[in-house]
Amino acid sequence: MITRQIGSLALAFGLLAAAACGGSTSTAGDMPAPKPDMSTTPPSPDPRVGLRGGEHNAAQAIWNLRLLSATPVPPEFAATSNTDLAFTGKYAIQGNYAGYQVWDISDPRRPVLATSFVCPAAQSDVSVYRNLLFVSGEDLSARLDCGTQGVADTVSRERLRGLRIFDISDVRNPRNVGNVQTCRGSHTHSVLVDPRDTAHVYVYISGSGPVRSPGELPGCVEASPDEDPNTALFRIEVVKVPVAHPEQAAIVSSPRIFTGLTAPPTHAEAPEDVAADEQALEQAKAEGAYVAKVDDKEQVLPPPLVDQLLHHIVQVRRGGGEPTAADSATLRELLPRITLSTGAPGLDPHAGPTQCHDITLYPAIGLAGGACEGYGLLLDISDPVKPVRIDQAADANFSYWHSATFNNDGSKILFSDEWGGGSQAKCRATDRKEWGADAIFEIVDRKLEFRSYYKLPAPQTAEEVCVAHNGSLIPIPGRDVMVQAWYQGGVSVFDWTDASNPREIAFFDRGPVDSTRLDSGGPWSVYWYNGVLVSSEIRRGLDILELVPSGFLSRNEIDAARTVHLDYLNVQGQPKFVWPPSFALARAYLDQLERDQGLAEDRIAAAREALQRAEDDEAERAAALIRLAGELDADAGAAADSAKVKTLAQAVRDLAASKAAMR
């Protein structure tokens with residue numbers, strides 16, 4: 001997200017500026033419930049192309065999904081951006097630069113706001129475990145006391161840059177019970193639950209801000225590793241949290257997982273973008289925009305950053321109220337004389353990444369995927385305190401490795417590329433499909449082997465920030481299906497079971513927030529949770545959708561996914577899906593065998609009839625299911641998809657032994 005860059009630049013500028021001086025309403029809008037489309041041909045022309053814009057009245061397009069609710073932002077959060085999501089019980093917790101919101105989604109058609117907690121930070125990344133809520137903070141103005149007045153001093157013990165810990169035993173009255181300060185703040189974090197150590201939970205912290213002064217936090221050093229081996233760069237932080245005593249949470253290791261990496265290959269901007277940027281820069285200067293050198297390149301500072309810097313000048317002069325004309329003049333006077341940088345001074349330009357943006361931990365398989373600026377990393381996390389890099393991938397087509405998702409059995413991993421930090425339109429008809437996309441790898445002998453790219457297939461306008469962002473697996477048995485947010489590209493559901501040929505199977509999109517200029521908006525993240533798809537809309541609020549049957553996805557597959565129930569979900573602490581025995585699960589596998597021609601038609605029909613008879617005859621159910629499992633075992637040898645038939649046979653056998661067969 002652009003605010004990742006905003007936070008870093010604001011921190012760098014802050015030092016220079018100092019030297020210079022309740023309930024909710026919810027609606028699914030006017031969209032009728034879609035009729036099931038059993039075709040496997042995407043709609044043409046694509047209804048996402050050319051949608052009418054508007055922050056609150058944009059046109060909408062939907063395919064193979066149903067929008068259950070669209071809930072607006074509470075007033076206290078309307079001026080800032082919504083961010084990521086976590087889930088516990090019946091609640092969805094939605095981060096925001098002004099704090100976080102807790103939504104009761106027990107009725108997904110009418111979410112109810114349970115808590116609106118104001119606590120400004122960047123970017124308020126959220127995770128939960130039991131009664132604990134973890135919230136990231138990285139911004140210069142974030143305070144330990146959650147105050148809205150910011151922090152005026154450049155060095156201050158009132159500042160929070162790191163991890164906040166709340167007790168949400170009573171979600172309507174959260175209590176801040178601990179804080180862990182870090183040298184670079186916490187842009188994102190990931191929670192690791194080690195089944196061998198239930199008394200603790202581990203939090204991996206990725207900080208992307210400049211290193212803070214040692215006068216503010218002792219031990220913070222900004223230097224290259226050869227100058228000081230204790231540098232706060234080129235490392236992540238691992239925090240150990242005693243669940244019963246979260247106030248004792250502390251950093252227990254700072255793994256240097258980037259050792260030996262060099263600068264990755266890069267690609268140039270498209271020529272038309274270079275020309276357009278130069279023209280836009282000159283026009284912006286003529287219109288009085290704020291311009292500064294960022295990494296020795298002139299850039300127009302986005303309005304949110306300008307507002308942040310002006311308010312910081314107000315704080316430095318210990319003023320009150322809104323910025324004055326004199327404050328604007330001070331900012332304009334300073335900018336031409338300084339160069340801002342998103343990196344640390346004095347570093348070897350050939351060095352590799354100094355941080356990760358996000359790390360997805362998958363403890364069930366002992367691996368993690370690190371999306372780390374110029375690299376995608378594969379980590380061994382069998383020892384939570386000492387993660388070890390076992391492989392890495394770089395790609396000249398990628399601009400900024402942002403997040404990672406494993407498939408359920410851990411044989412594949414998908415990395416997303418957030419080109420431009422979520423501030424650029426990279427889904428235009430002229431943009432290459434390899435840019436701002438997903439890269440899909442198979443994991444072979446614990447090594448990453450590239451297979452393909454996936455990118456939103458619908459071209460978007462030059463006024464829509466669009467790039468790959470946060471998503472999650474959907475527990476469709478026997479398949480790798482994912483839902484993903486693309487900012488103003490909307491929501492895309494795609495199947496990547498065949499890692500070399502991913503395919504979109506559903507979508508939801510709105511028109512641009514403002515069809516006259518490039519602006520932020522759209523889904524920040526969208527995740528599956530207990531049968532629904534929950535989307536954090538940056539400007540518009542909270543959307544909840546559900547899958548509908550289609551030619552790509554049967555009712556039985558959707559029903560089987562709904563049998564998977566999670567007590568809580570942090571997508572970056574990826575859980576392993578386990579499907580309980582059910583008739584829906586067995587029928588889902590049959591539907592897949594029919595769709596992919598993995599078993600003869602007559603044998604599929606016979607198996608369906610046998611399942612129905614078993615379900616109807618409770619007294620003979622278990623025996624009938626055991627007979628069917630044996631018949632399927634015999635069928636497997638001649639089947640085109642022998643492995644799927646064996647999986648079906650085992651599902652039928654498990655159903656025979658389950659409580660479902662005894663009812």
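This is a predicted model: local features need pLDDT of at least 70, side-chain atom pairs count only at pLDDT 80 or more; totals for chains, interfaces and linings use all residues.
Figure 1. Numbered in sequence order, the bonded cysteines of the protein chain pair 1-2, 3-4, 5-6, 7-8. A search of the whole structure finds four disulfides.

**Figure 2. The disulfide of Cys 183 and Cys 220.** The sulfur atoms lie 2.2 Å apart. The S-S torsion is about -90 degrees, so this disulfide is left-handed. Cys 183 sits in the loop between β10 (175–181) and β11 (188–192), Cys 220 in the loop between β12 (200–206) and β13 (237–242). They are 37 residues apart. Cys 183 and Cys 220 are buried.

**Figure 3. The disulfide of Cys 356 and Cys 372.** Here the sulfur atoms are 2.0 Å apart. With 65 degrees about the S-S bond, the link is right-handed. Cys 356 is in the loop between β17 (339–340) and β18 (358–362), while Cys 372 belongs to strand β19 (residues 367–372). Both cysteines are buried.

**Figure 4. The disulfide of Cys 427 and Cys 466.** The S-S torsion is -75 degrees, a left-handed link. Cys 427 lies in the loop between β23 (412–417) and β24 (438–444), and Cys 466 in the loop between β25 (447–454) and β26, so the pair ties together parts 39 residues apart in sequence.

**Figure 5. The largest nonpolar core.** This core has 58 residues. Phe 87 is among those with the most contacts inside it. Beyond its sequence neighbours within four places, Phe 87 contacts residues including Ile 105, Val 534 and Leu 569.

**Figure 6. The largest cavity.** Its volume is about 110 Å³. The lining includes Thr 360, Trp 528, Leu 569 and Phe 577. By class, the lining has eight nonpolar, four polar and no charged residues. Strands β22 (401–406) and β26 (471–474) each supply at least two lining residues.

Key
Residues are numbered from 1 along each chain as its sequence is written. Side-chain values use heavy atoms; hydrogens and water are left out. On a 1 Å grid over the protein atoms alone, a cavity is a set of points where a 1.4 Å probe fits but cannot get out, and a pocket is an open set with protein on both sides within 12 Å along at least five of seven lines; lining residues have an atom within 4 Å of a point. Grid points are joined across faces, edges and corners, and a volume is the space filled by probe spheres set on the points. Helices (H or I, at least four residues) and strands (E, at least two) are DSSP runs, numbered from the N terminus. Ala, Val, Leu, Ile, Met, Phe, Trp, Tyr, Cys and Pro count as nonpolar, Asp, Glu, Lys and Arg as charged, and the others, Gly among them, as polar. A nonpolar core is a set of buried Ala, Val, Leu, Ile, Met, Phe, Trp, Tyr and Cys residues joined through side-chain atoms within 4.5 Å. Buried means under 20% relative accessible area, exposed over 50%, partly exposed in between (1.4 Å probe, protein chains only). Contact means heavy atoms within 4.5 Å. A disulfide is a pair of cysteine sulfur atoms within 2.5 Å.
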